[in-house]
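Please examine the sequence and the structure shown below before reading further.

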Amino acid sequence: MTLLALENVSVAYDHQHYILRDFNLNIERGQFISLLGPSGCGKTTTLRLIAGFLEAKSGQFTFNGKNYTKVPVNKRNFGFVFQSYALFPHLSIFENVAFGLRLRKVSDSEIAKRVSRMLEIVSLTGYEKRFPKELSGGQKQRVAIARALVIEPDLLLFDEPLSNLDANLRVNMRVEIRRIQQELGITTVYVSHDQEECFSISDQVAIMNNGVIEQLDRPSTIFKYPRTEFVAKFIGFSNFIEFAYREDRDGEIWLKDKATSFRVPKHAGTDKSGGRKIAIRPEDINITADSPFIPSTGQIDTGKELNQVAGAVMVSTFLGRSYQYVVRTEMGDFTVNREMEEPYANGQKVLLTFPGDKLVIVN
Amino acid sequence: MKKRYVYWLMLPGLLFLTLFMLLPIIHTIGSTFFQEGQFTFEGYLHFLRDRYYVDILLTTMQVSLVTTMACIVVGFPVAYHISMLSPRKKGFLLALAIFPLLTSSVVRSFSWIIILGKNGLLNSWLVGLGLIDQPLEILYTPTAVMIGLIHLFLPLLIISLVGVMENIDPDLVKAAESLGSSRFTVFRKVIFPLSIPGLILGSILIFVGSMTAYTTPTVLGGKKRVIATFLYQNAITLNDWNSASVIATIMIVITLLVIGLMTKMSHKFRVKG
């Protein structure tokens, strides 16, 4: 059931520069959805719009069946967690968490009960009397989460909550956030530019670019089957080949150029009609030394197998576990990763094989 | 070891302050306790027994207190407004706000004579509009002094408040709003408590400034004396340096007490941690 819907929403600064234009987004109740994208893609704007910090130029925001477009921030009952934590420096941890409850005229005994339960959930029992300055970054962010949750918000919003924390803490905190969210079953919108963070934590990820959602899917689906070139690039597909012709056959798509042809089996990543561009990750291309002679017969190999291209290594770099090669072929340059003991020398003739099940067609 | 030489650089300033400030202060304060070679509190007792003297002291305190309060009431919203603006507008409005500080105090005070006088602008407007029959007696009263001082000192409060307010993280306002605060509650529960250090700094500057102000009360106060003009009268006109020293000492003590009290308050309200 749809809890939140943005319909044809536009946001512009100084009446000209549109951040969002006719933007649409639907979120189901109880879901954890991430907005992911490079800076300037409109993800934070979307979040601030939902929170009520920004007003839309046009369009409608529906929440729980009601029109929320004009409802002011302080009447929305949404919890917001900031990148900067935004704890009140003049208030103790207890009073920070109690802030929203005091505004709601909750009785003192009830406040004490709910604050201590919330501090327990974020594992900060015993910190009630401290002040924000005495806490570490991770602790501060947990206070901020407790403060947002204690008012029992109808929606929880996160604006890059972990980007000020160091790497280890970030991993711990995202597990915490996911745990708390599932424990309370609260619908959550999470903004980040960290791909791993979003993929590990979310039910659904919306990849945004230039104010548009390029793809909204489960993380594993996006990871395997990006629908657009932007998404594919964003999640690490660095090789793209565009073909001039396309033919749909039984269970296969034939993509052709003057020189080459590829056959791609139909699967979830290639079911887009009309697409003529394929993408593949560097680690999914098989690279082998290309010898003009077939060793067993001593004959010159002329006919290449399906989805193969010959080329030569231009650059090789050591990545730790593997080597990365830039291979120049008649179809352009490809980036290929392979784990091996001894790298190929520059200039080495190689054969690239593109496995059909690893190829996706992008728009 | 090399660093020690750096301290010698402080010597000229230190010497200057010791010779021309510390020693005279000690001498001034010391001299109030002696009459004809005898240690005595007679100077102070004489001052405190005289109703006329005490009245001057109380008037001065009253003028300073009201000036400080008025500056807070008038300055707070202005400072809040300025602190929310873009840097360009902020700079422009701040420059406007501190303008009174940049004009000569004599010129500033004399302008108020033109406005507040019996046949001044204010009275001729009010009479002309039929709001009053008789001109108001404002000039040469403590009210006129207060008006002059508020005009002079308002910029100090605005500057010290804008200084703290613009450092308040805007996310705190958003956080408070998202938790359910109205604009007013945000101001009451977040902006105001976090502005207290600036408020106290500004208040100290204004209170002490008003206590010791000389030009404004001289020009606008008429025969009504405040402590600084009274001191001047004793020293220069009456050539009674002993009384002048007593008054000076009392002023120093009151000033220090006020600063101490306010600093203590600011510690209480200070952001803990």
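Two residues are said to be in contact when heavy atoms of theirs lie within 4.5 Å. The model is predicted: local features need pLDDT of at least 70, side-chain atom pairs count only at pLDDT 80 or more, and totals for chains, interfaces and linings use all residues. Residues are numbered from 1 along each chain as its sequence is written, chains are lettered from A and ligands numbered from 1 in the order in which they are written, and side-chain values use heavy atoms, with hydrogens and water left out.

Leaving aside residues up to four places away in sequence, A:Ser10 touches A:Tyr18, A:Leu20, A:Arg21, A:Asp22, A:Ala56, A:Lys57 and A:Ser58. A:Ser10 counts as buried because its relative accessibility is 3%. Here buried means under 20% relative accessible area, exposed over 50%, and partly exposed in between, with a 1.4 Å probe and protein chains only.

Chain A as a whole is divided into domain 1 (2-229) and domain 2 (237-363), with bounds that come from an automatic or database domain assignment. The C-alpha centres of these two domains of chain A lie 42 Å apart. Their contact takes 7 residues from domain 1 and 13 residues from domain 2.

Two residues other than glycine have a positive phi. For A:Glu160 the angle is near 40°, and this residue sits in the loop between strand 7 (155-159) and helix 5 (167-184) of chain A. With a relative accessible area of 10%, A:Glu160 is buried. For B:Tyr140 phi is about 65°; its loop joins helix 8 (121-128) and helix 9 (142-165) of chain B. B:Tyr140 is partly exposed, at 43% relative accessibility.

The cysteines come next. A disulfide is a covalent bond between the sulfur atoms of two cysteines, identified here as a pair of cysteine sulfur atoms within 2.5 Å. Over all chains the structure holds 0 disulfides. A:Cys41 is in none, and the nearest cysteine sulfur, that of A:Cys198, is 10 Å away. A:Cys41 is buried at 2% relative accessibility, and B:Cys71 is buried at 0%.

Where is empty space left? Rolling a probe the size of a water molecule over the atoms shows this. On a 1 Å grid over the protein atoms alone, a pocket is an open set of points where a 1.4 Å probe fits, with protein on both sides within 12 Å along at least five of seven lines; lining residues have an atom within 4 Å of a point. Grid points are joined across faces, edges and corners, and a volume is the space filled by probe spheres set on the points.

The largest pocket has a volume of about 520 Å³. Of its 22 lining residues, B:Met84, B:Pro170, B:Val173, B:Lys174 and B:Arg183 lie nearest the centre. Helix 10 of chain B gives the largest share of this lining, 4 residues. The second largest pocket holds about 280 Å³ and is lined by 14 residues.
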